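Subject: Structure for your review

Dear colleague,

Please find the structure below, followed by a short account of what was found in it. I would be grateful if you read the account with the structure open beside you.

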Amino acid sequence: MPIADSIIKKLQGAFITQVIMLAGLLFAAVITAATMGYIAIPASDVLKVIASALTGDTQMLAGVDELFPVVVLDVRLPRILAATLVGSGLAMSGAVFQGILLNPLADPYTLGVSAGAAFGASVAILLNLGFLGTYSIPLFAFCGAVATLFFVIYLSASGEGLSSNNLILSGIIVAAILSAGISFLKYLADEQVGVIIFWLMGSFGSKTWIDVGLAFAFVVFGFMVCVFFARDLNLMSLGTRTAASLGVDTRKVPLILLVTASLVAGVCVSISGIIGFVGLLVPHMVRFITGPDNRRLIPVSLLVGAILLLTADTITRAVLPAEIPIGVLTALIGGPFFCYIFRKRQKVMRSD
Amino acid sequence: MAYDVSNVSFFYGDKKILDDVSLVLPPGKFYGIVGPNGCGKTTLLDLLMRHKAPARGQILLNGKELSRFPKKSLSRQTALVPQNFYINFPYTTAEIVMMGRYPHMPRFAAPSEEDHRIVKAVMEKTDVAQFEHRFVTALSGGERQRVVFARALAQGTPVLLLDEASSNLDINHTLRLLGLAAEGVGKSGKTVIAVLQDINLAALYCDHLIFMKNGGIVEQGNIEAVLKPETINAVFNVTAKVSFDPFSNRKQVVFRKEAPSEMPGMSTGRGRD
């Protein structure tokens with residue numbers, strides 16, 4: 001009896017343990033990050049401030065510096081939660097993109113979502129569109145991302161449905177055209193060029209609860225869709241024909257997942273600017289722990305992405321003497337790390 | 001009737017791949033489809049599993065229009081062993097074989113005792129149990145093909161479609177896996193429809209042969225009746241000798257060297273195969 005059984009049970013047991021441990025770690029990271037910054041706030045005071053805000057009980061704030069609630073609730077938490085949600089959203093959509101495109105090197109930006117968002121944001125900045133206040137840039141970024149996505153899907157659609165090669169190629173072509181467009185906008189921008197460059201490098205500075213609410217809504221919705229189709233995504237890795245013979249709707253499922261993952265990525269980009277490597281790297285690392293089964297990979301990637309991006313943002317916000325744009329930091333840490341695991345994998349494959 | 005195909009045509013763009021094909025396939029038999037490359041064999045399988053829809057004509061499965069089956073219930077009727085199998089993610093052998101059970105499991109359920117029992121039994125029969133915990137990405141092409149075969153058997157369907165499923169297996173595993181398929185036909189009344197390149201393997205296992213050429217059926221029927229030099233010549237443009245072979249207790253076909261310059265050109269190359 002079932003050696004396979006016991007191992008699978010052990011793995012599933014391990015999965016629950018992994019999720020609980022990572023969720024605990026994420027909570028600890030959020031609290032720790034809230035204590036750090038220009039003013040150091042004790043963890044106990046952070047917890048008191050959060051608890052009183054959640055329960056509405058002001059008695060809990062007795063003995064807490066009256067500045068602390070403002071710092072924690074209005075300044076730090078929106079930024080911390082925005083970084084957490086964007087990290088989880090990017091990691092989750094990275095896992096989904098890799099699954100659909102059958103390519104472990106795909107990321108949420110493969111279909112040109114980031115280039116579309118960057119183009120939208122650049123247009124908003126250049127034309128100085130302020131009719132929606134601070135939200136015109138994210139709104140334009142989001143529209144750019146969505147328009148690019150649908151154009152890429154339109155380009156690659158054939159009678160046979162969506163092929164991953166077509167999607168990747170169309171994504172690359174469209175992204176190349178858009179980057180040329182962005183360069184041209186920068187050239188036209190004069191003194192605004194700094195704003196565009198700064199936006200492109202990503203930042204969680206001055207995020208509000210509205211950003212947090214938006215990111216939360218999209219990440220939760222995206223997570224539910226992705227987990228619902230996670231099993232079909234496993235079957236898609238066997239190839240379209242086999243997946244179809246196992247009951248997967250091979251026209252509908254990839255389209256739903258691509259659009260969902262791209263919307264999540266689009267919202268993330270429009271909130272934070274372009275943050276690379278999280279969506280590529282996190283699912284890669286997580287696959288070592290959970291294996292490729294998307295039913296485990298997607299939830300664990302979500303948590304790991306949140307923890308990593310929050311850590312990176314806290315480092316640039318509170319540890320480094322001067323703030324480095326978060327997109328630059330993730331690329332500087334993530335890039336070499338990716339080279340390392342990629343190289344290691346080549347060596348393992350050769351000795352096999 | 002397992003399948004009742006009437007007047008089916010299929011096109012890729014303007015190219016006619018299948019031209020007015022009609023077939024009646026009663027259950028409980030091992031069917032072989034043979035024909036030159038590009039004659040529409042694989043497309044016919046795609047239509048039978050509803051991966052593609054016919055442009056004209058209709059296909060009934062157990063008396064019911066194929067397009068009226070919900071996807072999931074169809075995946076409990078037919079399983080496919082494809083010719084090529086390429087995978088980029090490191091699933092273990094056991095995980096891949098378990099995927100054959102997905103159509104029988106609710107979306108969020110863990111595999112039942114029975115699912116585990118079936119997977120284990122199938123892995124032993126197909127000789128892949130020895131690498132059940134290894135990653136399929138690290139297996140050889142032939143080993144991987146056996147895993148795919150095991151996955152299709154685990155699906156436990158009354159109809160099994162084989163698309164040149166044994167083309168990269170050694171002779172031992174070819175005989176073992178086709179034997180397993182034939183056993184299902186003999187013991188449990190299953191139906192196997194196999195696209196085969198090797199006409200002698202077809203002669204060994206099939207009860208009924210379907211000869212295809214240029215998107216149409218040239219000849220079909222009981223193997224004793226249709227496996228003749230004239231049919232082979234009409235379909236493949238080669239001369240062959242067909243004789244009863246007492247060792248295999250079946251008809252077998254032998255060929256002789258032919259000078260390519262003297263062989264008549266073949267008018268194939270329609271669409272893909």
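Predicted model: local features only at pLDDT ≥ 70, side-chain atom pairs only at ≥ 80, totals over all residues.

Residues are numbered from 1 along each chain as its sequence is written, and chains are lettered from A and ligands numbered from 1 in the order in which they are written.

In chain A, the axes of helix α3 (residues 68-100) and helix α13 (residues 294-319) come within 7 Å and cross at roughly 140°. Helices here are DSSP runs of H or I with at least four residues, strands are runs of E with at least two, and both are numbered from the N terminus. Axes are lines fitted to C-alpha atoms, for helices over the stretch in contact, and angles run from 0 to 180 degrees between N-to-C directions. The angle makes α3(A) oblique to α13(A); angles under 35 degrees count as roughly parallel, over 145 as roughly antiparallel, 65 to 115 as roughly perpendicular and the rest as oblique. Among the residues that make this contact are V86(A) and G87(A) of α3(A) and L302(A) and G305(A) of α13(A), where contact means C-beta atoms, placed from the backbone, within 7 Å.

Helix α4 (residues 113-126) of chain A packs against helix α11 (residues 252-272) of chain A at about 40°, with the axes 10 Å apart. These two helices are therefore also oblique to each other. From α4(A), V113(A), S114(A) and A117(A) meet residues of α11(A) that include A265(A) and G266(A).

The largest nonpolar core has 173 residues, and V86(A), A215(A), V97(B) and L161(B) have the most contacts inside it. Such a core is a set of buried Ala, Val, Leu, Ile, Met, Phe, Trp, Tyr and Cys residues joined through C-beta atoms within 7 Å; buried means that 20 or more other C-beta atoms lie within 10 Å of the residue's own. Helix α3 of chain A gives the most to this core, with 15 residues. Not counting residues up to four places away in sequence, V97(B) touches V119(B), V122(B) and M123(B), among others.

Finally, 28 residues of chain B are in contact with 23 residues of chain A. Elements giving two or more residues to the chain B side include α3 (93-99) and α4 (113-125) of chain B.

Yours sincerely

Conventions
Contact = placed C-beta atoms within 7 Å. Buried ≥ 20, exposed ≤ 12 C-beta atoms within 10 Å, placed from the backbone.
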